[in-house]
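Please read the sequence and the structure below together. The paragraphs after them go through selected features one at a time.

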2 protein chains.
Amino acid sequence: MVLEEKENKSGAPAVEMAIKILTYLSRYRNKNRTLAEIARDLNINKSSCHRILKVLLDYRLVSYDKNTRQFSLGSFLIVLGSRASEFNDYLKIAKQHLKELAETTKQTCVLVEPIANNRLVYIAKEEPEAAVRITVSIGQSFPVTSASFGKCYLAFLPEKEAREIVKEVGIKQFTDKSITNVEEFFQSLEVIRKQGYAVSFEEHTPGVFGISAPVFDNSGSVRMVVSCIGLASSVNEETINFYADKVKTTAQKITAIFSDM
Amino acid sequence: MVLEEKENKSGAPAVEMAIKILTYLSRYRNKNRTLAEIARDLNINKSSCHRILKVLLDYRLVSYDKNTRQFSLGSFLIVLGSRASEFNDYLKIAKQHLKELAETTKQTCVLVEPIANNRLVYIAKEEPEAAVRITVSIGQSFPVTSASFGKCYLAFLPEKEAREIVKEVGIKQFTDKSITNVEEFFQSLEVIRKQGYAVSFEEHTPGVFGISAPVFDNSGSVRMVVSCIGLASSVNEETINFYADKVKTTAQKITAIFSDM
């Protein structure tokens, strides 16, 4: 087994394209798209795109409207998704912990997972019952070097691996509080490792704070990140510490699910 | 666009394999499987299987347990599935009609769709509140020539296409009531076309009846089949006619959703 092996190129480019097409069609703004639009936006050769769509259509992973000539996500994905949801029992339990965290902190709480191309994706969210709250879209992804999620994820990777990723992805300046100096960035990761959680105070989005703690799988590798995000204007050092404590406890509870598996 | 074109071979074999792997892992008995098991059961070359699994893993369409070395459906499928569910508004409305049908007939009601390889798949089900009832698994598929679903689907295809499919798939004898003579089979399809519904009385499963009616898309092609299935011992000609009437009406209501789209 060489599953952990790093490869620069995908060993199955058509499969990767198919997944990119599905991910693309899963965005609200791309709900219905023509072949030409998909090929253009994903920078895929039109005839490859057509061949892949044909197979996805055959198996109802996409559907096709003859009148508008648009593709959209297909019904068989609902079947696969609901089965995946049944099989991923851990996610059900994790969501319960996330809900409790949202109730305790009265902030939006999310679970974030790494996917390909050094990106993180929102896999679950729980929002508090508050008139004004931060919201995110499940399925949205962003570079692994972004926000408190990314800092937290990188902090708990082996440093060599984290350095390679940062070199590849780069650190983007989102606000004037973003840390963009690589050495400063790695110093901040060391602090995160020591205290067991990451804080971003307007480093990614002006007016927004994030607090993240790592969830480990049963082999001890960082598997996902649990976070609470909210309005920077609503917190002070004391509340940040309170939330950090709760986020850490929740991350530990979710880690415990994996160690039971 | 040649999307309607028939091709014997898939234009994207790796994508087809990837879908087969996901479908395989979506069955309860295959929930957790090793690379060797997947390659063996799907008759795929082990190294191709490995390459495809690697990409599916990268994008979390599958997950991998390092300890057991088993693969299972991944969390990103949940994201794609829930988005597909949001986008396929018709299915939500269709399910509502299916629920009403189950309440009226007090029988198990299903929606069946064609997928690749001339198969039909259960895409939705509603069960009545009864102590003894027939149940099916969403996602399970079967040859398009089976049961009342298949007869109904084939009856509303252009006859030339239906004949080609029957030639390719064959008609399997499931019980001593199954129609296996091709000409007799096509005569029964003519009756179905005239009356607007198909009945199978123990033709597929001993002790079970099925009544099916076609749902058409906005171009007038048969898009899915709505059916009610139950215990043959619980019905007589009168109840069969009553159910047939309700199934037809439900199919018409679901067809109307598409004509509004």
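Which residue stands opposite Thr34(A) in β3(A)? In this predicted model, the residue facing Thr34(A) is Gln70(A). The strands concerned, β1(A) and β3(A), the latter covering residues 70-73, run antiparallel and are joined by 2 bridges. They belong to an open sheet of 3 strands in chain A, ordered β1-β3-β2, with antiparallel pairing. Because β1 and β2 (62-65) of chain A each have a single partner strand, they stand at the edges, and one side of each is left without a neighbour in the sheet. Strands of a sheet pair through backbone hydrogen bonds, either parallel or antiparallel.

The domain assignment places residues 13-78 of chain A in domain 1 and residues 88-259 in domain 2. Taken over C-alpha atoms, the centres of domain 1 and domain 2 of chain A are separated by 31 Å. Chain A has a mean pLDDT of 89, with 96% of its residues at 70 or more. Residues 1-8 of chain A have a pLDDT below 50, and this stretch makes 15 contacts in the model beyond near neighbours in sequence. Where pLDDT is low, the predicted coordinates should not be read in detail.

Aromatic rings come next. Over all chains, the structure holds 20 aromatic pairs. One of them is the edge-to-face pair of Tyr28(A) and Phe87(B), with 5.6 Å from centre to centre and 70° between the planes. This pair crosses between chains: Tyr28(A) lies in the loop between α1 (13-25) and β1 (33-34) of chain A, while Phe87(B) is in helix α4 (residues 75-87) of chain B. Tyr28(A) has a relative accessibility of 43% and so counts as partly exposed. Phe87(B), with a relative accessible area of 10%, is buried. The pair of Tyr64(A) and Phe71(A) is tilted, because the ring centres are 4.7 Å apart and the planes stand at 35°. Both Tyr64(A) and Phe71(A) are buried. Elsewhere in chain A, one aromatic cluster is formed by Tyr122(A), Phe142(A) and Phe149(A).

Two arginines of chain A are placed over rings. Arg163(A) lies over the face of Phe186(A), 4.0 Å from the ring centre. Arg223(A) has its charged end over the ring of Tyr90(A), at 5.1 Å from the centre of that ring.

Leu120(B) counts as buried because its relative accessibility is 0%. Leu120(B) and Val225(B) are 105 residues apart in sequence, while their C-alpha atoms are 9.3 Å apart in space.

Two asparagines bring in backbone geometry. Most residues other than glycine have a negative phi, and most peptide bonds are trans. Asn117(A) has a positive phi, near 60°, and is found in the loop between β4 (108-115) and β5 (119-126) of chain A. In chain B, the phi of Asn118(B) is also positive, near 55°. Asn118(B) lies in the loop between β4 (108-115) and β5 of chain B. With a relative accessible area of 19%, Asn118(B) is buried, because the cut-off is under 20%.

Is Glu203(A) buried or exposed? Glu203(A) is buried, with a relative accessible area of 16%. Its place is the loop between β7 (198-201) and β8 (208-216) of chain A. Setting aside neighbours within four places in sequence, the contacts of Glu203(A) are Lys151(A), Phe174(A), Thr175(A), Lys177(A), Ser178(A) and Ile179(A).

Note on methods. Residues numbered from 1 in each chain as written. Chains lettered and ligands numbered in written order. Predicted model: local features only at pLDDT ≥ 70, side-chain atom pairs only at ≥ 80, totals over all residues. Heavy atoms only, no water. Domains from an automatic or database assignment. pLDDT = per-residue confidence, 0-100. Contact = heavy atoms within 4.5 Å. Phe/Tyr/Trp six-rings, centres within 6.5 Å; stacked < 30°, edge-to-face > 60°. Helix = DSSP H or I, 4+ residues; strand = E, 2+ residues; numbered from the N terminus. Buried < 20%, exposed > 50% of the residue type's maximum accessible area, 1.4 Å probe, protein only. Lys NZ or Arg CZ within 6 Å of the ring centre and 35° of its normal. Pairing = 2+ DSSP bridges.
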